[in-house]
Amino acid sequence: MHDAATHDDSKGQYFWVWGALLVLTGVEVVLAYRQVFQPVAMLEALLVLSVIKSALIIGYFMHLKFETALMRWMLMISVVGLFVIMYFFFFPDAGRILRLGVK
C-alpha cells in the first residue's frame, strides 16, 4: 500500500487543528478591528498569521504532512518560486504605502 495512506486518521487531531485555526482567525479579527499597530506592522502581522494558518491547512487537511519528502520539497520550491515572481511584479507597487500614506 502507498505510504501516504498509512497515516493516522484520528478525528481529535483534526479538531485541535480546527481549533487552532479558529483561534488564529479570532486573533486576526481582533487585530484588524483594534488597529493597535501601524498599517505596515499590521500587514506584516496579518501576513504571518495567514502563513501559519495556510501551513496548518496544507499540512493536515490537504494531508501534505503525510506525503513523501519529495512531494513536500517540490511544493516548497514551487511556492518559493511563486513568491520570487510576485516580488518582482508586485513589490514596486507595494512601496506606495510609504510614499502616499494610508487614507
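How many nonpolar, polar and charged residues does the lining of the second largest pocket have, by class? Before the answer, the basis: this is a predicted model, where local features need pLDDT of at least 70 and side-chain atom pairs count only at pLDDT 80 or more, while totals for chains, interfaces and linings use all residues. Residues are numbered from 1 along each chain as its sequence is written, and side-chain values use heavy atoms, without hydrogens and water.

The lining has six nonpolar, two polar and no charged residues. Here Ala, Val, Leu, Ile, Met, Phe, Trp, Tyr, Cys and Pro count as nonpolar, Asp, Glu, Lys and Arg as charged, and the others, Gly among them, as polar. The residues are V51, S54, A55, I58, G59, M76, V79 and F83. Two or more of them come from each of α2 and α3 (69-94), and α2 gives the most, five residues. Helices are DSSP runs of H or I, at least four residues, numbered from the N terminus.

Now the helix pair. Helix α1 (residues 11-34) packs on helix α2 (residues 39-61) at about 165 degrees, with the axes 10 Å apart. Axes are lines fitted to C-alpha atoms over the stretch in contact, and angles run from 0 to 180 degrees between N-to-C directions. The two are therefore roughly antiparallel, a label for angles over 145 degrees.

In contact terms (heavy atoms within 4.5 Å), α1 residues including W18, L21 and L24 meet α2 residues including L46, L49 and I52. By class, that contact has 18 nonpolar, three polar and two charged residues.

Key: Angles under 35 degrees count as roughly parallel, over 145 as roughly antiparallel, 65 to 115 as roughly perpendicular and the rest as oblique. On a 1 Å grid over the protein atoms alone, a cavity is a set of points where a 1.4 Å probe fits but cannot get out, and a pocket is an open set with protein on both sides within 12 Å along at least five of seven lines; lining residues have an atom within 4 Å of a point.
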